[in-house]
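Visitor: Please take one part of this protein and go through it closely. I would like the strand pairing, with some context from the rest of the chain.

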Amino acid sequence: MAAAAARAFQLACRARHKPLVQITLAAQCSTKTAHQGYATQSSPGASTSSSTNTPRRAVTVTTDDGRYKWSDLSTREKAARSTQQSFNLALVVAGAVGTLTVIYFLYQELFAADSKTRQFNHAVDRVRADSRCTELLGPAKEIKAYGEPTSNKWARARPLAHSVEVDKLGVTHFKMHFHVEGPKDAGVVNLHMTKGKGDEDLQYKYLSLNVNGHPTVYLENADEKSPKKTVAKMFGVQWR
């Protein structure tokens, strides 16, 4: 009897604690499910899907950075991108044209055959190297050369008086005059250069220095170099 009573008591105790075990197991399952759901939301796939659903920024002329493909753009966005690229191309072309223009003017000013700066520097060197000129003006290192006098005190800013003309025969005539000044005296240099159709460089026709009170000094004179024409005579008459 005692053994039967003890077994009945154990069965009663087990029946009493069984709901608590079921409740504990259910709580554990719900907690595990919640953790799995949180991990699923935090996974890269979930983030990508959520970001994919986010609307992208509209493409305009000022905001287009090339991030989106051409096929993904709308008609208005394609027009905006085309406008932006056309504007950038126009800027590049304008910069190239400006650079070429500056190079052209620098060449014409400094290196071309009829460049006034080039011929001016060459003529000044000729004057300084000529003993007749240094005798009138002073030592070569102290001779200054400049253009027409202006209100500007800087000699380099004074313009050079020059002209370029082409005659009926196609010969180019380059003329210039400028001022020179030394410790002894001052004067004016005149030059006249010519270039034929087939010639590449200008040739001196005249290069002279005029100082008041002194004879003109010719550094170049084509008339003196050209041979004198012989005059034919027949029966005492000169035939030209």
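Guide: What follows covers the paired strands, then the chain around them. This is a predicted model, in which local features need pLDDT of at least 70 and side-chain atom pairs count only at pLDDT 80 or more, while totals for chains, interfaces and linings use all residues. Residues are numbered from 1 along each chain as its sequence is written, and side-chain values use heavy atoms, with hydrogens and water left out.

Strand S3 spans residues 172–181 and strand S4 residues 186–195; the two pair in the antiparallel sense over 10 bridges. Helices (H or I, at least four residues) and strands (E, at least two) are DSSP runs numbered from the N terminus, and two strands pair if DSSP finds at least two bridges between them. S3 and S4 make a hairpin, with 4 residues between them. In this pairing Thr172 stands opposite Lys195 of S4. S4 also pairs with strand S5 (residues 203–210), again in the antiparallel sense, over 7 bridges. There, Val189 has Leu209 in S5 as its bridge partner.

As for context, the protein chain has 6 helices and 8 strands. From the N terminus on, its elements run α-α-α-α-α-β-β-β-β-β-β-α-β-β. Of the 240 residues in the protein chain, 22% are buried, meaning under 20% relative accessible area (1.4 Å probe, protein chains only). Among contacts (heavy atoms within 4.5 Å) with a separation of 6 or more, 35% join residues 24 or more positions apart.

Technical notes:
Buried means under 20% relative accessible area, exposed over 50%, partly exposed in between (1.4 Å probe, protein chains only).
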